[in-house]
Amino acid sequence: MASNNECFQVLLIFLVLTLLLLAGFSSPGMELLTLPFQEATESLAPTQGPVTNIMFLKTHKTASSTVLNVLFRFAEAHNLSAALPEGGRVHLGYPSLFLTRFVEGSEKGRFNIMCNHLRFNPSEVHKVMPNDTFYFSILRHPVSQLESSFIYYKDYVPAFQAVSNLSAFLASPWTYYKESVGLRNAYARNNMWFDFGFDNNAVPEDSYVRARLAEVEQHFQLVLIADYFDESMVLLRHALHWSLDDVAYFKLNARNPRTVASLSPLDRERAKRWCALDWRLYQHFNRTFWARVHAELGPQRLSAEVAQLQARRRELSGLCLQDGAPKNKSQIADLQLKPYQSGRADILGYNLRPGLDTATLRLCQRMAMPELQYMAHLYALQFPDKHPKNLQFLKG
């Protein structure tokens, strides 16, 4: 009987403890037990260091100059090497397919950051970048991209030179566009497709397009969307394990809004047909971008982090910029901040506030520095024994 009573007491204690434990899960005073699973796993996740080996395929007229500035700043801040154009070049062999000889010092080893304009050629790129490199790029709605290209390359691209406006070009593109002219016409049709290393004059058959899209997915871990730039910067920050300030930016190489043409619905449809390969490319990666955003962040977190980025950018604008606004070329005093002008585009830049202390001035200069000047600056740092880059446009 004694042994039976002892067993009963043990069982009773066990039941009481079980009830107390269950009550703890529903008690408002037991926050630790009610921590949501996602928060609990996030708090236990190991802290990862920033990604430092990065290849950015800099597509044309897609806000890629702003991304390049973000990458150049990170490279300089962390003493990383950049794959810069060789000798007097200002890009990596574009519009020819990339070759390693287009990179200064390529014979001496590999680099951390690669982000200057090039036409993607994976076998050659892999020779100058480490095996663990993070590959990403950016796309823009093809109608907006083509409109920007027309204004920017109006005097350079043969297909654009003899036509007064984009609407007239789109009404009869084959009147002006000749495949036999060569690579300079790549800016006039499926330019983003071309930048990925593909034939911009290919027939957009479904099997061909699907095969090329699969190649892009094979080589690139992330494709951003310029039309949702802040959302793209938030997603990039998470992918690279970077800080908020690492991806804060001032918009660079942007046009005066007065030079942006408004296209009719008919012109927009014609542009999508003319650039059908770019349209398929954009549609596909716009879908994958938003699928990844929702899977990794969710709408509430995305909205909150976009707001944080925008608030930080406003702070930095107030800290750095005279009047907090971009200026046209005639208003920019510092040659190192004066952007290159092309075609009929009126490219805006910045003046800095006077009286900044040394550390703040350095930060603000880097954030406002156009890509050609920043490329020349990094070239001088990495290759002090080489002749510096000769940027003729700064000499009037």
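The exercises below concern a predicted model and are each followed by a worked solution. In this model, local features require pLDDT of at least 70 and side-chain atom pairs pLDDT 80 or more, whereas totals for chains, interfaces and linings use all residues. Numbering runs from 1 along each chain as its sequence is written, and side-chain values use heavy atoms, without hydrogens and water.

**Exercise 1.** Determine what percentage of the protein chain is buried.

*Solution.* Buried denotes under 20% relative accessible area (1.4 Å probe, protein chains only). The protein chain has 396 residues, and 49% of these are buried.

**Exercise 2.** Identify which members of the largest nonpolar core touch the most other members.

*Solution.* A nonpolar core joins buried Ala, Val, Leu, Ile, Met, Phe, Trp, Tyr and Cys residues through side-chain atoms within 4.5 Å. The largest has 93 residues, in which Met-114 and Phe-136 touch the most other members. Next, set aside the neighbours of Met-114 within four places in sequence; its contacts (heavy atoms within 4.5 Å) then include Ile-54, Phe-98 and Met-129. Apart from this core lies another, of 25 residues, including Tyr-94 and Tyr-187.

**Exercise 3.** Describe the start, the buried residues and the packing of helix H16.

*Solution.* Helices are DSSP runs (H or I, at least four residues), numbered from the N terminus. At the start of H16, a side-chain oxygen of Asp-357 comes within 3.2 Å of the backbone nitrogen of Ala-359. Within H16 (residues 358-368), Thr-360, Cys-364, Arg-366, Met-367 and Ala-368 are buried. Finally, the buried residues of H16 pack against helices H3 (64-77), H15 (299-320) and H17 (371-382).

Key:
Buried < 20%, exposed > 50% of the residue type's maximum accessible area, 1.4 Å probe, protein only. Helix = DSSP H or I, 4+ residues; strand = E, 2+ residues; numbered from the N terminus. Polar contact = N/O pair within 3.5 Å; in protein donor to acceptor, adjacent residues only side chain to side chain.
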